[in-house]
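Subject: Structure handover

Hello,

Here is the structure I said I would pass on. My notes on it follow below.

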Amino acid sequence: MTKKLILFTFILVIFSCDGGRVNYNNPNIPNFPVNIQLNLNLPQCSNLQYASNHIIVDGGARGIVVFYTGSSYLAYDLACPNQSFSTCTSPMTVTGIEAKCLCDNAVYNLFSGQSAGQQYPMKPYRVEMSGGNLIIYN
């Protein structure tokens with residue numbers, strides 16, 4: 001009986017873990033295909049050489065902000081994550097380490113993509129380094 005209880009507890013723990021991932025299945029932002037390659041040696045990407053800087057590139061639903069944390073690169077869609085895509089047509093504005101949705105004035109941190117009190121975080125994209133290129137995709 002003890003072995004069955006231990007086995008049951010072990011299985012329950014294994015299947016209840018979610019790996020700490022946030023659910024990005026946001027019904028407000030459509031899934032547009034993204035496959036962008038940025039050469040970090042080009043002048044238009046020079047801001048990404050310094051921590052807490054960003055650039056904005058075309059793509060995704062309303063544009064993509066690429067942010068350098070100092071140790072890694074992050075990319076987020078600039079569509080307001082907690083507003084309907086059809087009613088909030090303005091992309092978020094980016095200042096420093098924050099992105100602001102003009103439709104509801106919610107402010108999102110670019111290090112985490114989170115905003116206090118909001119249901120959905122900013123929509124992230126996958127980012128990989130390949131040589132001197134940054135590849136952003138979904």
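Which pattern do the disulfides of the protein chain follow, with bonded cysteines counted along the chain? They follow the pattern 1-3, 2-4. Please keep in mind that this is a predicted model.

Disulfides

There are two disulfides in the structure. A disulfide is a covalent bond between the sulfur atoms of two cysteines.

One of them connects Cys 80 with Cys 101, at an S to S distance of 2.0 Å. Cys 80 sits in the loop between strand S4 (73-77) and S5, and Cys 101 in the loop between S6 and S7, so distant parts of the chain are linked, 21 residues apart. The angle about the S-S bond is 110°, and this link is right-handed. Both Cys 80 and Cys 101 are buried.

The disulfide between Cys 88 and Cys 103 also has an S to S distance of 2.0 Å. Because Cys 88 is in the loop between S4 and S5 and Cys 103 in the loop between S6 and S7, this pair ties together parts that are 15 residues apart in sequence. The link of Cys 88 and Cys 103 is right-handed, with 95° about the S-S bond.

Is Cys 88 buried or exposed? Its relative accessibility is 3%, so Cys 88 counts as buried. Cys 103 has a relative accessible area of 38% and is therefore partly exposed. Cys 45 is buried, with a relative accessible area of 3%.

The sheet S5-S6-S7

Three strands form an open, antiparallel sheet in the order S5-S6-S7. Strand S5 (93-95) and strand S7 (107-109) are the edge strands, each pairing on one side only. From one strand to the next, the twist averages 25°. S5 and strand S6 (residues 98-100) run antiparallel and are joined by three bridges. Within this pairing, Thr 95 has Glu 98 in S6 as its bridge partner.

Strand S1 covers residues 35-39. Which residues make up its covered face? They are Ile 36 and Leu 38, while Asn 35, Gln 37 and Asn 39 make up the uncovered face. In a regular strand the side chains alternate between the two faces of the sheet.

S1 runs antiparallel to strand S9 (residues 133-137), and five bridges join the two. The bridge partner of Gln 37 in S9 is Ile 135.

Regards

Note on methods
Residues are numbered from 1 along each chain as its sequence is written. This is a predicted model: local features need pLDDT of at least 70, side-chain atom pairs count only at pLDDT 80 or more; totals for chains, interfaces and linings use all residues. Side-chain values use heavy atoms; hydrogens and water are left out. Buried means under 20% relative accessible area, exposed over 50%, partly exposed in between (1.4 Å probe, protein chains only). Helices (H or I, at least four residues) and strands (E, at least two) are DSSP runs, numbered from the N terminus. Two strands pair if DSSP finds at least two bridges between them. Axes are lines fitted to C-alpha atoms, for helices over the stretch in contact, and angles run from 0 to 180 degrees between N-to-C directions. A disulfide is a pair of cysteine sulfur atoms within 2.5 Å.
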